[in-house]
Amino acid sequence: MNQALLSHRMLGVTFTQDGATARVWAPFADSVALHLATRQVTLPLLKDGAYWQLTTAQLQPGDTYTFVLNNALERPDPASMAQPQGVHGPSQAVDTAAYAWTDDDWRNLPLEDYLLYELHTGTFSPEGTFAGIENRLDYLVELGINAIEIMPVAQFPGNRNWGYDGVLPFAVQYSYGGTAGLQKLVDACHRRGIAVVLDVVYNHIGPEGNYLGDFGPYFTAKHQTPWGNGLNFDDDYSDSIRRYFIENVLMWFRDFHIDALRLDAVHAICDESETHILREMKQYVDALMAKTGRQHYLIIESDQNETRFIDPLATNGYGMDAQWNDEFHHALRVTAGGERNGYYADYNGLQDLAKSYRDAYVYDGTYMPRRARIVGKSTAGHAGRQFVVFSQNHDQIGNRMLGERPSQLVSFEMQKLMAGAVISSPYLPMLFMGEEWGELNPFLYFVSHSDPTLVEAVRQGRKKEFADFQTDFEAPDPQDERTFERSRLQWPRLTQEPHRTLFRYYQTLLRLRKTSSLRHPNRESVAVVVDDSRQTLTLFRQHKKEVQPGSFAVEETVVCLMNFSKAIQSFTLPASDGQWHNLLDSADPTWRGPLAAPSLLEGSAAVVVQPEAILIYTSTGK
């Protein structure tokens, strides 16, 4: 392990009392020079193995510069921190240590307490910037979330993009507010008790402005991905590429005080090394935490249902702290009456939702028809805090042709039921921006490329993707600025009905999550009963308190009665020594529902649940 990486970034331009040090990996170059665009000065770098380096007083924070390879090829810095003129322009020197942090007292939240809120910087606020997010932090506190998950901010072409076309992993998107803007946002979040999760992409580099290959073999034909040649994590010269991304992970935690990273589609990271790159990243993060005393988490997205990603290092796993669980979403959407084509065809609804409540994965060593093979492994022994669940996210909305949200696809009552199903789960719940008030604007796929050929390829790719859909509509043009504008949140809806009521309902649900047994993502205490014929599901959650070493007593039982049918259904509560207290009723007229259920029930009483509703009772016994 390179201990120096824990203390400071070494790639790109960094600043010390001795001046600026420029360092770049270019193993095949005959010469490398630093061109100071601000001063129109060119300085040669000295070779240091496969790296080239120079320390100079002529480069100051705020100056723009490029690297010149072999006296001919002028390129942005692969480890650029800022691109004020876009992905094709010169890099800008940034001193990340210049920001004056005020979060010395901040301690990251326990992972099991995370209540996540995914957002896209460009469409979350009218400003479309980090400052726009900061201006609404009090709103997020009022809602009840305590962790925001920001979609990728690595510099991408133009000003409109989901962020997965980033080409400079160290550079913070300039139009969002750049390095200082992100640091200021994180600092402000910590002052309000909000953790910050940043979405990062280590499985590919976007197509426009991708100059990494000019510096060295960042990519290898050994592995093919949906985006072309894979990043070189295990072929010749891979040590330096691995270091590049490890430095990136450490930078976000150390220099930006990010609390957790969400690693995009890790199943597309190809690495046959003896030590997988994810495992090595985790080893470095553990070393960083030991050095700084700060807690950080690594959360992954994976569609493999492969537990080695979240197995601890001690048992030869990769040590990731948690993962998104798309299968919970798929089962819930089908149960709620959603379509059954595409990847939804593998899910039968209620039974699979029940299985996901119990086992996280639906496919855990079983045959998946769409892939025509056995998929997944058992999650036995893995805690509930290792799985993030949701009823919507950027992918599940934005990858639909018209970007429809559940608010456009299901009833108001079903929206409340789906929210209750997620927040009452024994996992970490995540909302997608605007769902808490039933935002009606879609979240569409949008880009702002400058290459006409690439723009047309993206357009045709979207059309081809949805060619089999029977619809009179065409896929919205991703390049059209109106597609982006249609995806913005409409904040005035918060003052309108039924959106205001839905917001208050989400507030209540999140408060309930914090103050009842639902707070504890304990899978061991979960039981589920389903009735396919009536489309009902009963979820039992318990919190056990240790009364003496090795002896536990049930402190509270919570029963969630879910009726996914369009008819009134009767449930029987389990026997209890005490009364059952109504914690939440989505059908209560308070939430614009048809009829309230009793506030108190005795023993094993029967109770009816209104159509498309969730009813939650608790009993603490006598």
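Start at the second largest pocket: strand 1 gives the largest share of its lining, 4 residues. (A pocket, on a 1 Å grid over the protein atoms alone, is an open set of points where a 1.4 Å probe fits, with protein on both sides within 12 Å along at least five of seven lines; lining residues have an atom within 4 Å of a point. Strands are DSSP runs of E of at least two residues, helices runs of H or I of at least four, numbered from the N terminus.)

Before you click on, note that this is a predicted model, where local features need pLDDT of at least 70 and side-chain atom pairs count only at pLDDT 80 or more, while totals for chains, interfaces and linings use all residues. Residues are numbered from 1 along each chain as its sequence is written, and side-chain values use heavy atoms, with hydrogens and water left out.

**The pocket**

The volume here is about 360 Å³, taken as the space filled by probe spheres set on the grid points. Select His8, Arg9, Thr14, Phe15 and Thr16: of the 17 lining residues, they are the closest to the pocket centre. Strand 1, strand 2 and helix 6 each give two or more residues to the lining.

Two strands pair if DSSP finds at least two bridges between them. Strand 2 and strand 6 (residues 51-56) pair over 6 bridges; pick Arg23 and you will find its bridge partner, Gln53, in strand 6.

**Aromatic rings**

Next, colour the aromatics: the whole structure has 34 aromatic pairs. Rings of Phe, Tyr and Trp (its six-membered ring) pair if their centres lie within 6.5 Å; planes under 30 degrees apart count as stacked, over 60 as edge-to-face and the rest as tilted.

Zoom in on Phe28 and Tyr237, whose centres are 5.0 Å apart with planes at 85 degrees, so the pair is edge-to-face. These two residues are 209 residues apart in the chain. Tyr237 is partly exposed, at 44% relative accessibility (buried means under 20% relative accessible area, exposed over 50%, partly exposed in between, with a 1.4 Å probe and protein chains only).

Move to Trp437 and Trp491: with centres 4.9 Å apart and planes at 55 degrees, the pair is tilted. Both Trp437 and Trp491 are buried.
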